[in-house]
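The sequence and the model are shown first.

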Amino acid sequence: MEKFDNEIKQRIIQELVPGKQITLAHIIANPDDILYRKLGLDPTLDYSVRSAIGIVTMSPAEYAIIAADIALKTSGASLGFVDRFSGTLIMTGSVSEVQESLMAVVNYAKEKLGFTVCEVTRT
């Protein structure tokens with residue numbers, strides 16, 4: 001393909017624009033043990049009863065603190081990781097515990113705080 005001297009080049013800049021939103025809510029059912037270790041999750045946990053990993057990303061990032069509290073109070077899921085700077089929350093537990101926690105986080109954000117939310121997905 002030929003390029004012309006008078007061709008206008010378009011530059012795209014991607015950036016996070018803080019809003020009230022949950023951009024990802026996903027459950028990984030029956031992950032391999034190596035995934036737990038690579039994510040830096042506690043290797044002393046009995047992963048035979050820890051059969052799911054849930055991940056949520058949100059903006060504003062500080063909502064991750066509230067989301068972690070909601071997730072822990074909702075079910076028997078465990079907190080794997082929370083980052084108030086990036087807005088990331090990781091939960092572990094049985095598939096049903098993680099699903100219940102993620103649904104509670106998403107529903108609270110939508111119903112009480114007026115967030116735009118995505119659906120909870122699962123692989």
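The text below moves from the chain as a whole to particular residues and pairs.

## The chain as a whole

The model described here is a predicted one. The chain has three helices and six strands, and from the N terminus on these elements follow the order β-α-β-α-β-β-α-β-β. Of its 123 residues, 37% count as buried. Among the contacts with a separation of 6 or more, 66% join residues 24 or more positions apart. The accessible surface of the chain amounts to about 8,100 Å², and carbon and sulfur atoms contribute 53% of that surface.

## Helix 3

Helix 3 covers residues 95–111.

Strand 4 comprises residues 88–93, and I90 is found in it. I90 has a relative accessible area of 8%, and because this is under 20%, the residue counts as buried. With neighbours within four places in sequence set aside, the contacts of I90 are L41, I53, G54, I55, S78, L79, G80 and F81. I90 and I27 are 63 residues apart along the chain, and their C-alpha atoms are separated by 9.7 Å.

## The aromatic pair

The structure holds one aromatic pair. The ring centres of Y63 and F115 lie 4.9 Å apart and the ring planes meet at 55 degrees, so the pair is tilted. The pair links distant parts of the chain, as Y63 belongs to helix 2 while F115 lies in the loop between helix 3 and strand 5 (116–117), 52 residues apart. Y63 is buried, at a relative accessible area of 3%, and F115 is buried as well, at 8%.

## The salt bridge

One salt bridge is present in the structure. Side chains of opposite charge can pair when their charged atoms come close. Here the side chains of K73 and D69 meet, with an N to O distance of 3.2 Å. Both residues lie in helix 2 (residues 63–74), and because they are four residues apart, about one helical turn separates them. K73 is exposed, with 67% relative accessibility, whereas D69 is partly exposed, at 36%.

## A nonpolar patch on the surface

I34, L35 and L39 form a nonpolar patch on the surface, and their accessible area together is about 220 Å². One of these residues, L39, is located in the loop between helix 1 (33–38) and strand 2 (52–59). L39 has 39% relative accessibility, and therefore counts as partly exposed.

## Accessibility of the residues discussed

The table gathers the relative accessible areas from the sections above.

| Residue | Relative accessible area | Class |
|---|---|---|
| Y63 | 3% | buried |
| I90 | 8% | buried |
| F115 | 8% | buried |
| D69 | 36% | partly exposed |
| L39 | 39% | partly exposed |
| K73 | 67% | exposed |

Key:
Residues are numbered from 1 along each chain as its sequence is written. This is a predicted model: local features need pLDDT of at least 70, side-chain atom pairs count only at pLDDT 80 or more; totals for chains, interfaces and linings use all residues. Side-chain values use heavy atoms; hydrogens and water are left out. Helices (H or I, at least four residues) and strands (E, at least two) are DSSP runs, numbered from the N terminus. Buried means under 20% relative accessible area, exposed over 50%, partly exposed in between (1.4 Å probe, protein chains only). Contact means heavy atoms within 4.5 Å. A salt bridge is a side-chain nitrogen of Lys or Arg within 4 Å of a carboxyl oxygen of Asp or Glu. Rings of Phe, Tyr and Trp (its six-membered ring) pair if their centres lie within 6.5 Å; planes under 30 degrees apart count as stacked, over 60 as edge-to-face and the rest as tilted. Patches are made of residues with over 30% relative accessible area and no salt bridge: like charges are joined within 9 Å, nonpolar side chains (Val, Leu, Ile, Met, Phe, Trp, Tyr) within 5 Å. Accessible areas come from the Shrake-Rupley method with a 1.4 Å probe; for residues, only the protein chains shown count as cover.
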